[in-house]
Amino acid sequence: MSANSAEPAGTVEVVLVKAGRTKIRYPAELLHDDGNRIAVRAPWAGDAPREFGFVRFEQGDVFTEFYWRDRWYAVKEVRAADGTLKGWYCDVTRPATLDGGHLVVEDLDLDLWRSADGTDVRRLDEDEFAESGLAERDPEAAAAAVTALDTLEALAHGPDFATLLS
């Protein structure tokens, strides 16, 4: 599949890179690729549940993930095994690439959570971002990452957040 293909191809492997190393990789069903926005669906890929205090990701959870080739973030709709919407976990990333069945995304440490009812919007991992050294290594990318987090937060406080994904 070419980097700008508009044809869904069944499954892809999502590859999340952080600090130059592969953090996790997992198979996902390719739902949509319009040449800019890519949508995939996959079950929770963790080996064990992950408790954040404000949400718990666990076996049976289903993530519908949205990536863009021109935006510095990814948005993941999280549903429990019974279909109940838990909320949206948003990663600040470099724009995604899809080539040869691999959807590659570089995680830039900043994250945002929005609960299903929209009452809990929180910025996450700003300390990790500061410690990453990205601002010194690549000031333009660091600025784009901060802008992306600000954009996500503004969208998350709005009533039409879910329309970002349609």
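Which residues line the second largest pocket? Before I answer, a word on the model. The structure is predicted, so local features are reported only at pLDDT of at least 70 and side-chain atom pairs only at pLDDT 80 or more, while totals for chains, interfaces and linings use all residues. Residues are numbered from 1 along each chain as its sequence is written, and side-chain values use heavy atoms, with hydrogens and water left out.

The lining of the second largest pocket consists of Lys18, Ala19, Arg94, Glu106, Asp107, Leu108, Asp109, Phe129, Ser132, Leu134, Arg137 and Asp138. A pocket here is an open set of points on a 1 Å grid over the protein atoms alone, where a 1.4 Å probe fits, with protein on both sides within 12 Å along at least five of seven lines; lining residues have an atom within 4 Å of a point. The space in this pocket is about 150 Å³, where volume is the space filled by probe spheres set on the points, which are joined across faces, edges and corners.

At least two lining residues come from each of strand 10, helix 1 (126-132) and helix 2 (134-137). Helices (H or I, at least four residues) and strands (E, at least two) are DSSP runs, numbered from the N terminus. Strand 10 gives the largest share, 4 residues. By class, the lining has 4 nonpolar, 1 polar and 7 charged residues; Ala, Val, Leu, Ile, Met, Phe, Trp, Tyr, Cys and Pro count as nonpolar, Asp, Glu, Lys and Arg as charged, and the others, Gly among them, as polar.

I turn to the largest pocket. It holds about 470 Å³ of space and is lined by 22 residues, with Leu16, Lys23, Trp44, Arg50 and Lys76 nearest its centre. Strand 2 supplies the largest share of that lining, 3 residues. The lining comprises 11 nonpolar, 1 polar and 10 charged residues.

Why is strand 7 (residues 73-79) largely enclosed by the rest of the structure? The reason is that 6 of its 7 residues are buried, that is, under 20% relative accessible area with a 1.4 Å probe, protein chains only.

Strand 7 pairs antiparallel with strand 6 (residues 62-68) over 6 bridges, pairing being at least two DSSP bridges between two strands. Within that pair, Val75 of strand 7 lies opposite Phe66, and a hairpin of 4 residues connects the strands. Strand 7 also runs antiparallel to strand 8 (residues 85-93), joined by 7 bridges. In their hairpin, with 5 residues between the strands, Gly83 adopts a positive phi near 95°.

Notes: Buried means under 20% relative accessible area, exposed over 50%, partly exposed in between (1.4 Å probe, protein chains only).
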